[in-house]
Amino acid sequence: MPAVDGWRGARAWVFDLDGTLTVPVHDFDGIRAALDLPVGEPILEAIAALPPDLAEARRAALHRIEHDLAAQATARPGSVVFVRAVRASGVPLAVLTRNDHGLARITLRRIALDDCFEHVIGRNEAPPKPSPEGILRLARGWGVSPADVVMVGDGKYDVEAGRNAGARTVVVGDAPWAAEADLRVDQLDELLPLLGLPT
Ligand SMILES: [Mg+2]
């Protein structure tokens, strides 16, 4: 884990959206079942492996499910105060999600954080996590080393994407893959003292 000063030296922050900035509501096993996708397989990749006409229908069904969830999204405790504090400190922020860009915007509006991110990268704008490509592209655009970027998420793919990019990783919540991250918190605002920001 980087030293405390190391976290103060973070030059950019990339956030997963669903379950990280919002209260987790996505039942991925339930979505797989509703879309008749194989148990345990990543949803986007399983759809992409289908014949084109089937894939198109499943994408549309997925979009409907995700739209309903986005329209009801609520902020995860501690996330809004944290994002606003880091934003106010002048550090660039982005969202990198396996969700659709438009649905991500709906979700951000729902939790009143839609003015905080320089970039919102959805599944059609970059290869989805665990690919590091979204993080690497953001780091290049910001002119910072990936090692000075923090990837924050609640999911396994968030940690993997961060590690694949050479970024620092923070897991929000209590999941088996939290042990793979540099840091684990229950709420994002627990990070404020590490960054020397007011709580
Ligand atoms: Mg998530």
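**Close-up 1. Spacing of the magnesium donors along the chain.** In this predicted model, the residues that donate to the magnesium ion are arranged along the chain with the spacing D-x1-D-x135-D. The protein donors are Asp 16 and Asp 154, each through OD, together with Asp 18 through O, and they lie 2.1 to 2.2 Å from the ion. Asp 16 counts as buried, because its relative accessibility is 7%, and Asp 18 is likewise buried, with a relative accessible area of 15%.

Close-up 2. Thr 107 belongs to helix α6, which spans residues 101-110, and its relative accessible area of 1% makes it buried. When neighbours within four places in sequence are left aside, Thr 107 is in contact with Leu 17, Asp 18, Thr 22, Ala 70 and Ala 73.

Close-up 3. Four aromatic pairs are present in the structure. In one of them, the rings of Trp 13 and Phe 15 are stacked, because their planes stand at 20°, under the 30 degrees that stacking requires, while their centres are 6.3 Å apart. Both partners are buried, Trp 13 with a relative accessible area of 1% and Phe 15 with a relative accessible area of 0%. Trp 13, Phe 15, Phe 82 and Phe 117 together form one aromatic cluster.

**Close-up 4. The pair formed by Trp 13 and Phe 82.** Phe 82 counts as buried, with a relative accessibility of 0%. The ring centres of Trp 13 and Phe 82 lie 5.4 Å apart and their planes meet at 70°, so this pair is edge-to-face.

**Close-up 5. Arg 168 over the ring of Trp 7.** Here a charged side chain is shown with an aromatic ring: Arg 168 lies over the face of Trp 7, at a distance of 5.9 Å from the ring centre.

Key
Residues numbered from 1 in each chain as written. Predicted model: local features only at pLDDT ≥ 70, side-chain atom pairs only at ≥ 80, totals over all residues. Heavy atoms only, no water. Phe/Tyr/Trp six-rings, centres within 6.5 Å; stacked < 30°, edge-to-face > 60°. Buried < 20%, exposed > 50% of the residue type's maximum accessible area, 1.4 Å probe, protein only. Lys NZ or Arg CZ within 6 Å of the ring centre and 35° of its normal. Donors = N, O, S within 2.8 Å, 3.2 Å for Na, K, Ca; no water. Helix = DSSP H or I, 4+ residues; strand = E, 2+ residues; numbered from the N terminus. Contact = heavy atoms within 4.5 Å.
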